[in-house]
Amino acid sequence: MKAILPAVLISLTTSSFVFAADTDLTKLITAAKKEGQVYSVGMPDSWANWKSTWQDLEKEYGLKHQDTDMSSAQEIAKFAAEKNNATADIGDVGASFGPVAVQKGVTLAYKPTTWSQVPDWAKDKDGHWALAYTGTIAFMINNELVKDAPKSWDDLLKGKYKVTVGDVGIAAQANNAVLAAAFARGGNENNLQPAIEFFSELAKQKRLSVNNPTVANIEKGEVEVGILWDFNALNYRDQINRDRFTVIIPSDGSVISGYTTIINKYAKNPNAAKLAREFIFSDKGQINLAEGYARPIRAQHIMLPDDIKAKLLPDEQYKNVHPIKDAEGWEKSSRTLPKIWQQQVLTHQQ
């Protein structure tokens with residue numbers, strides 16, 4: 001189950017979404033309207049403001065919607081187990097699960113009309129998956145507790161404050177924090193040692209916290225500098241007190257990942273699912289995601305309303321972020337990470 005990302009209830013005074021004049025799209029819309037419904041998994045109203053997208057699809061095309069929240073692995077297992085008795089049409093899974101779903105043979109390919117504006121690293125060449133929004137590992141700094149605010153991983157080592165990374169080996173956010181540090185310090189998906197040495201040094205300084213940086217303990221002041229996904233950090237900042245925290249992408253490097261829709265190969269409403277993906281990658285669909293603090297994959301190609309743009313970090317902060325290019329290598333490293341973390345980092349916590 002996904003962590004909760006509350007939607008921000010701000011009305012958008014934009015015109016109704018209109019598809020490009022295209023015969024195939026006209027046929028798709030007609031077919032989707034005939035199906036009249038779309039069932040999703042892992043796309044609840046409260047995550048990344050999916051609520052607005054489902055409302056728009058019902059308003060514009062009459063598509064009724066229902067979601068069942070579950071993890072990425074559960075979504076793929078559900079598609080595979082139900083086959084022709086499918087109860088789900090579309091799901092939203094972590095980036096690393098897109099290729100897994102393809103390998104399992106449970107996906108239906110569909111390229112939205114904005115396909116060319118999705119970076120190559122963020123999509124399957126055949127259209128089986130594509131990231132609709134991204135997450136980048138960021139620092140969340142409590143301004144009341146930290147006077148020498150870090151701008152880089154290197155700065156973290158020189159500070160006097162505690163650094164909260166979460167449960168490495170279990171939580172995806174914490175694992176990606178390790179990968180981000182590896183990228184910044186000369187490592188990669190297959191070589192996490194620079195990051196292990198970095199966190200080991202923090203542990204030796206008695207400045208490493210492996211508590212989960214939740215909104216509750218951040219609000220209590222238990223986190224001086226937290227390492228989180230940017231969308232979580234920005235959301236928590238605004239939930240608590242925008243002026244109390246600074247959120248930045250470390251200047252010496254970070255990892256960018258995200259979430260992809262997968263359309264069920266066995267979907268009962270395949271056209272409605274395709275239309276949902278088409279809308280999600282449209283300007284309006286991308287703005288809906290941004291309203292829920294999720295950075296749209298097409299951020300460089302759309303004009304976000306000023307009030308929504310103000311929720312996100314400026315584009316220039318993302319100049320030194322690295323996508324995962326070796327998914328297989330990262331998967332192998334992830335499997336060995338718990339043991340290495342225990343042996344080389346946590347031993348210095350004593």
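How are helix 6 and helix 13 oriented to each other: roughly parallel or roughly perpendicular? In this predicted model, local features need pLDDT of at least 70 and side-chain atom pairs count only at pLDDT 80 or more, while totals for chains, interfaces and linings use all residues. Numbering starts from 1 along each chain as its sequence is written, and side-chain values use heavy atoms, with hydrogens and water left out.

Helix 6 (residues 172–184) packs against helix 13 (residues 327–344) at about 100 degrees, the axes being 11 Å apart. The two are therefore roughly perpendicular (65 to 115 degrees). Asn-175, Asn-176, Val-178 and Leu-179 of helix 6 make the contact (heavy atoms within 4.5 Å) with Trp-330, Leu-337 and Trp-341 of helix 13. By class, that is 5 nonpolar, 2 polar and no charged residues.

Helix 2 (residues 50–61) and helix 11 (residues 283–291) look like this: their axes come within 8 Å and cross at roughly 150 degrees, which makes helix 2 roughly antiparallel (over 145 degrees) to helix 11. Here Trp-50, Ser-52, Thr-53 and Asp-56 meet Lys-284, Gly-285, Asn-288, Leu-289 and Glu-291.

Of its 107 residues, Tyr-133, Trp-153, Leu-156, Phe-199, Ile-227 and Trp-341 touch the most other members. Leaving aside residues up to four places away in sequence, Ile-227 touches a list of residues including Ile-137, Phe-139, Trp-153, Leu-156, Val-163, Gln-173, Phe-199 and Pro-213.

Terms used: Axes are lines fitted to C-alpha atoms, for helices over the stretch in contact, and angles run from 0 to 180 degrees between N-to-C directions. Helices (H or I, at least four residues) and strands (E, at least two) are DSSP runs, numbered from the N terminus. Angles under 35 degrees count as roughly parallel, over 145 as roughly antiparallel, 65 to 115 as roughly perpendicular and the rest as oblique. A nonpolar core is a set of buried Ala, Val, Leu, Ile, Met, Phe, Trp, Tyr and Cys residues joined through side-chain atoms within 4.5 Å. Buried means under 20% relative accessible area, exposed over 50%, partly exposed in between (1.4 Å probe, protein chains only). Ala, Val, Leu, Ile, Met, Phe, Trp, Tyr, Cys and Pro count as nonpolar, Asp, Glu, Lys and Arg as charged, and the others, Gly among them, as polar.
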